[in-house]
Amino acid sequence: MIPSQSNQVLVTGAFGWLGSRLVEALLAGLPDHESLAEPQADLRLRCLALPGQDASALRRVSDRLEVFEGDLQNPADCERFCRDARGATLFHTAGIIHPARVADFYRVNVAGASNLLDAAIRAGVRRAVVVSSNSPCGCNPHPDHLFDEWSPYRPYMNYGRSKMLMELAVRERQQRGLIETVILRPPWFYGPNQPPRQTLFFRMIRDGKAPIVGSGRNLRSMAYIDNLCQALLLAATSERANGQTYWIADRRPYSMNEIVDTVERLLEREFGHKCLHKRLRLPSLASAVAMRLDAALQSLGWYHQKIHVLSEMNQTIACSVAKAEQELGYRPTVELEEGMRSSLAWCVRQRIRI
Amino acid sequence: MPHPFSDSYHDAVSALAYTLASRHAVGDPADGQAPFNDLTAFILRQRARLPDYLRGPMLAATLGFDLAGLARNGHRFHTQPPAVRRRQAEAWKNSKFGFARDLLRYYESLATLALYSREPSPVSAVPVAPPAPPANGVLVEPGRELRCEVAVVGSGPGGAITACLLAEAGRDVLLIEEGPFLPLHSCRSFSQQEMEQKYRNGGQTIAMGRTKVAYVEGCCVGGGSEINSGLYHRTPPEVLEHWRQEFQVAGLTEAELRPHFEACEREVSVSTLPGAAPAASLKLHEGAVRLGWKSLEAPRWFRYDTGGGGGGIRQTMTQTYLPRFLSAGGRLLPDARVDRLRKEGDQWLLRATHRAHGALEIRAPTVFLCAGAVQTPALLRRSGITRNIGDTLQLHPTVKVVARFPEPVNTLDMGVPVHQVKEFAPRLSFGCSISSPAYLALGMIDHPASAGEASRSWDRMANYYAMITAEARGSVRQLPGFQHALVRYPLTANDRRNLADGLHKLCEALLAAGAEALFPGLNHGPRLSSLDELRKLPTLLPEGLANLMTIHLFSSCPMGEDLARCAADSYGRLHGFDNLYIGDASLLCTAPGVNPQGSIMALARRNVLRFLKSG
């Protein structure tokens, strides 16, 4: 599955939502895509975990997996993580999206990524597949707009700026011929392993408190986590992907209303939850106010997750995945209903109370 | 594009591109599906290429358009749902204010062109100009000061011949070209890429007036010869006679010019098609013949492949005179614009700006200006030389019509149509023009009800034109503080009558050829399908509502001994100056009524040989 001079694969953020699913896919294969169905037998996986993260679950998965403790912000840790990885493939899925302080965006997303890349370059890593975000391009300028690879940078606040600076740092190293790179830009993702903030979203829908700002007809692209893993694996192997950037999401964007309605329907019909069938309807002004407030707080160095999320609620954040389909052979097989069903089933399996 | 309104401008343009392009969207993704960000990117690139005096007004008008949505329903244009935006765009397109119509037409033209020029794999098709071919004598990194015996400004047909013959006569020649040095096949002919690489201002050049005339100039090594169709005519004898009589031009009888015509024709391989002409071209010919009108096949400067099929290589200046010039030891300086010239002792001092290396100075005892009918007078006027300069610009105003036939007449590799109807020459000439799906879609902009036609039925459609010899006299002026020349061209009522007559007769010929629908290039013009309906055409083209273009410009510095009206003498030397010559279309005393490149080449050759003979 990972054809390279080396069977070594490095994964950062391996304990995160995306990283842990990627590790599973690397070890077990991805049945959704014919070329990825079979895992590579002799794969050797090395994962980077923050000190103190519980690695036992991962270690149980396979004995071909080594776990390194370290922090991207520390160059020596990156050096250690990449040592003797000549010809390896690096997946950089670690990043920070909802930090306590604005400065963390830059320390982790920019400086951390640069430390990692420089260590990878020194070690002779063949290719780095780097997970970015929609945020470097911000929100769509008009309701029927779709982002694609022509879209200019217009970063949304500090998270967007940090991811933009990271992309620029990645591209600069690729252009100097130091390493092969591929950048993936997934928007809002969903699926099993979800963090508590996503479970809270399900709970709000059940309790009739799902916030709909404005008409709710604004479009959001979402990336089901297995679709995203598929793109990551394809990006690692595709010859022509070197130096490219790809938007990765489900095949089509969904309206806010469709997202909430779908979850509500699944909760009620398939998971036996009684829903209140109400929405917390807010005027567009609410998002506008939240955006100003968020910007003001961030300019003081503070970050408040709920205000930030509210500020984006009425925005269109939609993209086209045509380039990934054409060049990577990306086939996003899972769509909203199926993906949300898997998320809810995972919650049930994990005994997470919604 | 770092200016304070750049985000607002981007959003307005993006919303416009989506609104205008979605009307064309059909099933095939490569053909016209969202996203349309490649269209937006093209429009933004084109904005940067606009003549500088138009950039500010265009920005203001676009932001005004965006804000106009606020007045209508409380939200800026770009934030509104597609259906609301479509209504506002329609309203502006049909506005009674000319600037509103022009604004929407501008964006619709660019969006349409980019949409129909999409490659099968659009997202990766970032246009990249290929590097200049390494050739001896091409100055890539010029010093700050250059000297030569003769400086030739402009490398189009006039400049290339002038420079070539001077170099072959042993003179030390520097040929200066504002545009880049690109191979002939750096892009497909008549494509969006060609427009971006080789046209002045990205093809966005307009002769201002109540009825605007869009025109095109080459801006690359080889000039117009690199981008035109290559149709060839000698100057008609009666036109030469008129110039000799009215402008007192010496040495201009047909017999005196013949050796020059013949030499140029040999060099650029003027020849007729070895096989059958394109079907669309033949259609017009058939229609004309049915009406008993004179129609002929114009020869081209083209080296056809043996074995027919119409393939081969267009004999542009980069294929003919310029290689000769370089092998004779001439030096070519591309990417350098001459800003001014002035006399300094017995030398001319040319101040120029190189695209990459900035200011440079060129000194030469003798200068030939061959920058074309707009740039030559503009340079002279910038330099304070104004007598009879840029006051009498002429062109061939042209109106177009799209015709649809019951059977296929068009193919993607159709090539250049060659038939011209000359029954009413020199007053009117008709022909078939480039009919790629993109150009057909541009022609259909005036017919929004039939907008999808160009993508559905392009193989049964073709573009045709009616061109007139006009009486209007335009001007070329340099606005203080701006870099680009302002061209004005006030069409007269007679010209508009002739254009209407030309359009009418052209439609008649196309109907005689079996066309089932005609779409004339008039704003919301009628769709015609029978002789009866030709009555719907105006007899006088309405001001501001006709979409005119031209590719032929000349006569801005006419030659002759009549000091009251001529800028240069009978052989191109500027009146009142030593060692300053003109060698391009500016010299043509009036509109020749035929494709002018044959006249330009013969005159340039005649004048430069005379110069060499006189010492």
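The structure is a predicted model, in which local features require a pLDDT of at least 70 and side-chain atom pairs count only at pLDDT 80 or more, while totals for chains, interfaces and linings use all residues. Residues are numbered from 1 along each chain as its sequence is written, chains are lettered from A and ligands numbered from 1 in the order in which they are written, and side-chain values use heavy atoms, with hydrogens and water left out.

The predictor assigns the complex an ipTM of 0.89 and a pTM of 0.92. In residues 27-31 of chain B, pLDDT stays under 50, and the model has 8 contacts for them beyond four places in sequence, a contact being heavy atoms within 4.5 Å. In residues 122-128 of chain B the pLDDT is also below 50, with 19 contacts in the model beyond near neighbours in sequence. Where pLDDT is low, predicted coordinates should not be read in detail.

Chain B contains 17 helices and 25 strands; these are DSSP runs numbered from the N terminus, with helices (H or I) of at least four residues and strands (E) of at least two. The radius of gyration of chain B is 24 Å, close to the 25 Å given by the globule rule for 615 residues, so the chain is as compact as a globular protein of that length. This radius is taken over C-alpha atoms, and the rule is 2.2 Å times the number of residues to the power 0.38. The C-alpha trace of chain B spans about 70 × 60 × 50 Å along its principal axes.

Of the 615 residues in chain B, 61% are buried (buried is under 20% relative accessible area, exposed over 50%, partly exposed in between; 1.4 Å probe, protein chains only). Among contacts in chain B with a separation of 6 or more, 74% involve residues 24 or more positions apart. Chain B exposes about 22,600 Å², of which carbon and sulfur atoms supply 53%; the areas come from the Shrake-Rupley method with a 1.4 Å probe, and for residues only the protein chains shown count as cover.

B:Lys212 sits in the loop between strand S4 (205-208) and strand S5 (213-215) of chain B. With 33% relative accessibility, B:Lys212 counts as partly exposed. Leaving aside residues up to four places away in sequence, B:Lys212 touches B:Asp102, B:Ile206, B:Ala207 and B:Leu548. The C-alpha atoms of B:Lys212 and B:Arg488 are separated by 8.6 Å, although the two are 276 residues apart along the chain.

Most residues other than glycine have a negative phi, and most peptide bonds are trans. B:Asp335, which is not a glycine, has a positive phi of about 65 degrees and lies in the loop between strand S10 (331-333) and strand S11 (336-344) of chain B. B:His524 has a phi near 50 degrees; B:His524 is partly exposed, with a relative accessible area of 40%, and is found in the loop between strand S22 (517-520) and strand S23 (548-550) of chain B. B:Ala425 and B:Pro426 are joined by a cis peptide bond with omega about 0 degrees, and B:Pro426 belongs to the loop between strand S17 (419-421) and strand S18 (428-433) of chain B.

In chain A, A:His308 lies in helix H10 (residues 305-312). A:His308 counts as buried at 6% relative accessibility. Not counting residues up to four places away in sequence, A:His308 touches A:Tyr156, A:Asp294, A:Gln298 and A:Tyr303.

Technical notes: pLDDT = per-residue confidence, 0-100.
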